[in-house]
Amino acid sequence: MAYIISEEGQELLGAVKEFCEKEVKEQCKKYDKTGEWPKEIYDKAIEMQLHMLEVPEEYGGMGLDRVSVAALIEQMAIADSGFATTISASGLGMKPVLIGGTEEQKQRACDLIVDGGFAAFCLTEPGAGSDASAGKTTAVRDGDSYILNGRKCFITNGAVSSFYCVTAMTDKSAGTKGISMFYIEKDTPGLSTGHEEDKMGIRTSNTCDVVLEDCRIPASNLIGAEGQGFSIAMKTLDQARAWMGCIATGIAQRGMEEAIAYGKERIQFGKPVLKNQALQFKIADMAIKIETARQMVAHALTLMDLGLPYSRESAIAKCYASDIAMEVASEAIQMFGGYGFSREYPVEKLLRDAKIFQIFEGTNEIQRIVVANNTIGRF
């Protein structure tokens with residue numbers, strides 16, 4: 001794995017790889033069929049503190065740089081991308097607080113994660129996907145409180161989170177400038193979870209509706225100021241996209257590894273099929289694209305660590321990595337022949353898992369708009 005990572009990260013990477021081989025990779029096959037959330041696997045991950053990789057050191061985290069964390073997340077994704085998504089999406093749910101929250105809010109949220117919790121980012125609604133500004137969830141000020149009403153959908157970690165960062169309209173007449181961001185803990189009256197999605201892929205990741213019915217929260221739970229919610233949400237997604245690229249790269253890496261292992265064992269015309277130059281070229285193309293995706297992810301995350309602009313690079317990483325994850329998974333199935341189409345073999349799952357990475361955190365069509373706007377604006 002061609003990330004240049006810290007010594008501490010290297011030590012943890014070995015432990016994560018061993019954990020994923022022993023506790024995740026094979027065990028998740030069962031949950032891929034049932035769609036259940038494998039609590040016992042996540043409990044073991046929490047014991048290893050894998051759920052808090054993105055908690056800043058000053059709030060109780062490990063203090064790893066982002067590229068070191070990426071190496072760990074990719075290793076998880078090689079074992080099971082749903083597992084990696086749950087871990088990474090918890091970091092996503094925490095980002096709005098870290099971006100716009102007060103010191104008290106940051107410490108409170110991070111304490112919940114350190115204590116074994118997960119977080120969820122609640123932006124998408126039934127009528128507001130790519131057009132996030134079309135959300136209808138409202139937050140009405142009432143003295144020292146806000147009262148929230150609405151429904152969020154496709155929320156990763158929705159049913160298992162300790163807290164939620166939720167966008168809501170505080171001024172319907174102001175468009176995106178009327179959207180605010182709120183911090184809400186799980187046991188708040190009026191907050192509940194609804195329909196759980198029976199997904200095509202990443203089935204070890206929980207995805208559900210989050211419902212707000214006269215949900216009253218302290219006014220101090222407002223993140224930033226009124227009207228800053230859309231900006232905070234977009235900054236959150238700018239960061240999150242590189243992480244989704246990281247997981248997609250892990251899916252592609254697993255596809256290549258499976259194709260190589262099978263190609264060495266499968267005998268046709270008296271020799272392993274991987275002796276055929278046509279298939280060797282397929283592997284070469286996989287390797288080239290995977291390494292390109294990995295380095296684009298690392299580049300975007302390095303820019304974040306340096307405090308430099310990264311919106312364009314993060315969008316490129318997410319878009320490119322998810323596209324090649326689909327391509328590599330499809331080619332891996334092709335190399336398996338008819339067996340690749342069977343659920344007895346692992347590669348068909350990779351294709352199912354890969355597809356969502358072209359869709360969430362902004363579809364790849366949206367990513368191309370982001371890249372185009374950022375690129376054209378430079379000239």
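1. A pocket, as the word is used in this note, is an open set of points on a 1 Å grid over the protein atoms alone, with protein on both sides within 12 Å along at least five of seven lines, and its lining residues have an atom within 4 Å of a point. Grid points are joined across faces, edges and corners, and a volume is the space filled by probe spheres set on the points.

2. The structure is a predicted model, in which local features need pLDDT of at least 70 and side-chain atom pairs count only at pLDDT 80 or more, whereas totals for chains, interfaces and linings use all residues. Residues are numbered from 1 along each chain as its sequence is written, and side-chain values use heavy atoms, with hydrogens and water left out.

3. The second largest pocket holds about 410 Å³ of space, and of the 20 residues that line it, Glu54, Pro56, Arg66, Leu98 and Gln239 are the closest to its centre. Helices α4, α5, α7 and α8 (277-306) each supply at least two residues of this lining, with α5 giving the most, three residues; helices (H or I, at least four residues) and strands (E, at least two) are DSSP runs, numbered from the N terminus. By class, the lining of the second largest pocket has eleven nonpolar, three polar and six charged residues, where Ala, Val, Leu, Ile, Met, Phe, Trp, Tyr, Cys and Pro count as nonpolar, Asp, Glu, Lys and Arg as charged, and the others, Gly among them, as polar.

4. The largest pocket has a volume of about 790 Å³, and of its 33 lining residues the closest to the centre are Thr124, Ile359, Phe360, Glu361 and Gly362. At least two lining residues come from each of α5, β1 (119-122), β3 (145-156) and α7 (229-265), and the largest share, five residues, belongs to α7. This lining divides into 18 nonpolar, ten polar and five charged residues.

5. Helix α4 (residues 66-79) packs against helix α5 (residues 81-100) at an angle of about 145 degrees, with the axes 6 Å apart; axes are lines fitted to C-alpha atoms, for helices over the stretch in contact, and angles run from 0 to 180 degrees between N-to-C directions. Ile73, Met76 and Ala77 of α4 meet Ser81, Phe83, Ala84 and Ile87 of α5, contact meaning heavy atoms within 4.5 Å. Six of the residues in the contact of α4 with α5 are nonpolar, one is polar and none is charged.

6. Helix α4 also packs with α8, at an angle of about 145 degrees and with the axes 8 Å apart, in a right-handed crossing (the near helix is turned clockwise from the far one by less than a right angle, and anticlockwise in a left-handed crossing). The contact joins Arg66, Val67, Ala70 and Glu74 of α4 to Arg294, Ala298, Leu301, Thr302, Met304 and Asp305 of α8, and its residues comprise five nonpolar, one polar and four charged.

7. Helices α9 (residues 311-336) and α10 (residues 347-355) pack at an angle of about 165 degrees, with their axes 9 Å apart, and are therefore roughly antiparallel to each other, a label for angles over 145 degrees. Their crossing is left-handed, and among the residues in contact are Met326, Ile333 and Phe336 of α9 and Val347, Leu351 and Lys355 of α10.

8. Met200 lies in the loop between β6 (191-196) and β7 (207-218). Leaving aside neighbours within four places in sequence, Met200 is in contact with Arg352 and Lys355.

Key: 1 Å grid on protein atoms, 1.4 Å probe; cavity = no way out; pocket = protein on both sides within 12 Å on 5 of 7 lines; lining within 4 Å. Parallel < 35°, antiparallel > 145°, perpendicular 65-115°, else oblique.
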